[in-house]
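Please keep the sequence and the model at hand while reading.

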Amino acid sequence: MHRVLAEPAVAAFEPQLGRETVKAAVGEILDAARGADRERAYGEIVASAVEALEGLRLQALVPVVNATGIIVHTNLGRAPLAGEALAAVAEVCRGYANLEYDLAEGERGSRYERAAGALRELTGAQDALVVNNCAAAVLLVLDTFAKGREVVVARSELVEIGGGFRVPEVLERSGAALVEVGTTNRVYVSDFERALSPRTALFLRTHPSNYRIEGFTHEAAPRELAELGKRSGVPVVEDLGSGALCDLEAYGLPHERTACDALADGATLVTFSGDKLLGGPQAGIVVGRAPAIARLRGNPLLRALRVDKMTLAALSATLELHAAPAPRARIPIYAMIGATLEDLRARALPYLEALPGAQIVDGIAYLGGGSLPQAQLPSLAIALASEAPDRTARALRRGTPPIVGRIERGRLLFDLRTILPQDDRAVVAALARVTG
Ligand SMILES: *Cc1c(COP(=O)(O)O)cnc(C)c1O
């Protein structure tokens with residue numbers, strides 16, 4: 001044990017992992033090697049210990065290069081933040097801030113007011129509220145309006161979004177009873193009307209984020225549903241999920257429904273994420289009619305879902321960039337979406353120069369994050385041939401910086417659209433190290 005711990009390659013992990021963790025990992029390796037000829041296996045023991053410790057090191061939260069071509073990649077932390085958002089976090093959190101303090105009156109203020117103004121401007125809503133994430137926003141809405149009552153949902157929208165967020169289960173947990181209407185492929189406003197009862201609390205629409213029903217289909221038109229809601233005194237809530245604030249057609253993509261669209265169609269409340277197509281920090285945003293938002297503010301559950309000052313700082317700075325197309329391009333995911341193939345081709349050159357055998361190939365990038373499941377962006381990828389692509393991919397994941405790409409037909413592909421341009425140099429160097 002002492003000999004292994006004293007090996008420089010093993011001791012090097014101590015500052016980051018701590019002596020006890022390193023000892024425990026080495027102890028496990030030694031136990032596993034018990035019975036074997038230890039002297040002969042010594043080199044292997046050290047190598048196994050280093051590998052195990054390397055695995056532990058990679059469990060820490062570290063920056064990763066996303067070369068997958070999936071822009072809003074949930075497993076890789078969704079939206080990278082704009083420089084302005086990072087600066088705002090540093091500025092606001094370096095010292096104290098007016099998080100819950102009204103500077104004009106010198107009295108207690110509300111953190112929930114901080115981003116509401118910008119959200120009203122951008123969506124046309126009467127009021128807005130920010131919580132920890134969109135799942136929390138949906139839960140808060142259901143808890144406030146529908147506990148012990150009924151929520152009517154189209155059968156075509158009983159979705160599972162991933163990460164265990166399934167609409168029927170969230171409803172159940174919130175104490176609301178689900179009333180399914182229509183069929184998987186066809187749902188009409190008249191289905192909602194027939195489901196009305198004195199216990200009806202909400203009509204809920206959910207964005208079918210990650211799948212599409214095609215063929216013989218019909219959906220209840222949002223505007224007609226809102227009219228039915230108005231006539232019968234039932235609020236319509238729309239869970240949009242991805243939260244695009246602008247028309248994605250400007251980027252050559254299909255139109256993705258925005259919060260503005262949903263409100264204009266008459267939704268009472270609309271929920272969406274801060275870190276999908278908004279391109280900001282993890283957050284859940286509710287916009288809509290002022291009296292409904294006021295009821296949400298009055299729910300004691302809000303305390304458990306409350307948003308942090310770092311999030312509010314980053315979110316406010318990101319929302320400011322959404323005011324016009326030019327500043328929006330400083331939000332990393334919009335820089336990625338807006339990059340032309342010429343931009344990507346120019347960035348490919350240093351890769352081709354440094355990596356013998358590398359080729360540029362056409363690729364397809366996806367928005368990801370449960371939005372526009374079939375929308376594809378033409379892209380370019382660096383392709384590297386490898387005799388053992390799985391092994392090379394593993395070495396790249398374990399390198400510094402870790403690089404996550406794709407393997408296709410025995411080749412390693414690195415999509416340039418999702419690699420941040422400022423990372424190109426480090427990625428070229430890492431690829432050269434591992435493959436050369
Ligand atoms: C992603 C998504 C959510 C969950 O959002 P989080 O911010 O991850 O909590 C909820 N509803 C829909 C439709 C989504 O796409």
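A crossing of two helices is called left-handed if the near helix is turned anticlockwise from the far one by less than a right angle, and right-handed if clockwise. The model discussed here is predicted.

## Packing of α18 and α19

The crossing of helix α18 and helix α19 is right-handed. Helix α18, residues 389-397, packs against helix α19, residues 424-435, at an angle of about 135°, and their axes lie 10 Å apart.

On the α18 side the contact is made by T392, A395 and L396, while α19 contributes A430, L431, V434 and T435.

## Helix α6 and its two sides

Helix α6 spans residues 83-94, twelve residues in total, and reaches 16 Å from its first C-alpha to its last, close to the 16 Å expected at 1.5 Å a residue. Its buried residues are A85, A88 and V89; seen down the axis of α6 they fall within an arc of 100°, so they line one face of the helix.

The cover over these buried residues of α6 includes α14 (309-321), whereas the face turned away from the buried side carries the exposed residues E91 and R94.

## Helix α7 and its surroundings

In helix α7, residues 116-123, the buried residues are A116, L119 and T123. Viewed down the axis of α7, these fall within an arc of 60°, so they line one face of the helix.

Among the elements covering the buried residues of α7 are β5 (127-131), α12 (259-264), β12 (269-273), β13 (284-288) and α14. Just after α7, G124 takes a positive phi of about 75°.

Conventions
Residues are numbered from 1 along each chain as its sequence is written. This is a predicted model: local features need pLDDT of at least 70, side-chain atom pairs count only at pLDDT 80 or more; totals for chains, interfaces and linings use all residues. Side-chain values use heavy atoms; hydrogens and water are left out. Helices (H or I, at least four residues) and strands (E, at least two) are DSSP runs, numbered from the N terminus. The expected span of a helix is 1.5 Å times one less than its number of residues. Buried means under 20% relative accessible area, exposed over 50%, partly exposed in between (1.4 Å probe, protein chains only). The arc is that of the directions from the helix axis to the C-beta atoms. Contact means heavy atoms within 4.5 Å. Axes are lines fitted to C-alpha atoms, for helices over the stretch in contact, and angles run from 0 to 180 degrees between N-to-C directions.
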